[in-house]
Amino acid sequence: QRAYGALHTWIRYVPVPPTVITETTHMMESTVQTLTVPESDLHEVAVDLIVEILRMYPSHIPQNEMLVQKLIPLLLSMLQPAFDRAMQHTTQPGHEHDEEDENMRGYCRIVTEMGESYMSLILSQQHYQEASKLVEWVLRCSSIADKDIASMTLHFWYRFVVDLESIEPYELRQNIVDAYTPLILK
C-alpha cells in the first residue's frame with residue numbers, strides 16, 4: 001500500500017517523463033492485476049494510482065503517445081472481466097451494497113478519467129475502434145442505478161459535447177456524431 005501511495009505522490013508532484021512509466025510495464029500490469037482481485041486491500045490505492053497516471057499523461061500531448069498506446073489495451077483487456085463481473089453483480093435485483101459496489105466505483109473512476117484524458121482520441125476518426133469501447137464503458141457506468149457512481153460520468157459527457165462542438169469543419173464533426181450516435185442510443 002505504501003509503494004502505491006509513494007508512486008502516486010511521485011507521479012503527481014514530480015515531472016516524470018512518460019517514457020519512464022512506459023518502460024515499467026510490469027508495474028502497470030501488477031497494478032491493474034490488483035484491480036481484478038475482488039477482495040484486494042489494495043484496490044482503492046491502485047485505482048488512485050491509475051487515475052493519477054491517466055490525469056498526468058493525457059492523449060493530446062504528443063510525448064504521451066507511447067504510454068497511451070500501452071495503457072489503452074492494458075486497461076481494456078485486463079479490466080474487462082472484473083468490470084463485467086462487478087457490473088453483473090451490482091445490477092442484480094435485490095442487490096445489497098457490498099465490496100463489489102466499491103470495486104465498481106473504482107472501475108468507473110478509471111473509465112471516466114480515461115475517457116476525459118483520452119478525449120482527443122475519442123474525437124479522432126482514426127482511433128474509433130478503441131475509443132468506441134471506452135465510450136461504451138462510460139455509458140455502462142452511466143447506467144448504474146447507484147447515482148453516486150453514475151454521476152461520476154457527467155463531467156465526461158460535458159467535455160464530450162463541448163469538445164465535439166469545437167471540431168471544425170462541420171462535416172468532420174458530423175462524421176463523429178454519426179459514428180457515435182448508434183452506440184450512445186443503444
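Which residues line the largest pocket? The model is predicted: local features need pLDDT of at least 70, side-chain atom pairs count only at pLDDT 80 or more, and totals for chains, interfaces and linings use all residues. Residues are numbered from 1 along each chain as its sequence is written, and side-chain values use heavy atoms, without hydrogens and water.

The lining of the largest pocket consists of Ser40, Asp41, His43, Glu44, Val47, Glu99, Glu102, Asn103, Arg105, Gly106 and Arg109. Lining residues have an atom within 4 Å of a pocket point; a pocket is an open set of points on a 1 Å grid where a 1.4 Å probe fits, with protein on both sides within 12 Å along at least five of seven lines. Its volume is about 190 Å³, taken as the space filled by probe spheres set on the points. Helix H6 gives six lining residues, the largest share.

The largest nonpolar core holds 58 residues. Such a core joins buried Ala, Val, Leu, Ile, Met, Phe, Trp, Tyr and Cys residues through side-chain atoms within 4.5 Å. Buried means under 20% relative accessible area (1.4 Å probe, protein chains only). Met104 and Ile122 touch the most other members. Helix H5 (residues 65-90) provides twelve residues, the largest share. Helices are DSSP runs (H or I, at least four residues) numbered from the N terminus.

In helix H3 (residues 25-35), Met27, Met28, Thr31, Val32, Thr34 and Leu35 are buried. They lie on the same side of H3 because they cover an arc of only 150° around the axis.

Terms used. Buried < 20%, exposed > 50% of the residue type's maximum accessible area, 1.4 Å probe, protein only. Helix = DSSP H or I, 4+ residues; strand = E, 2+ residues; numbered from the N terminus. Arc of directions from axis to C-beta.
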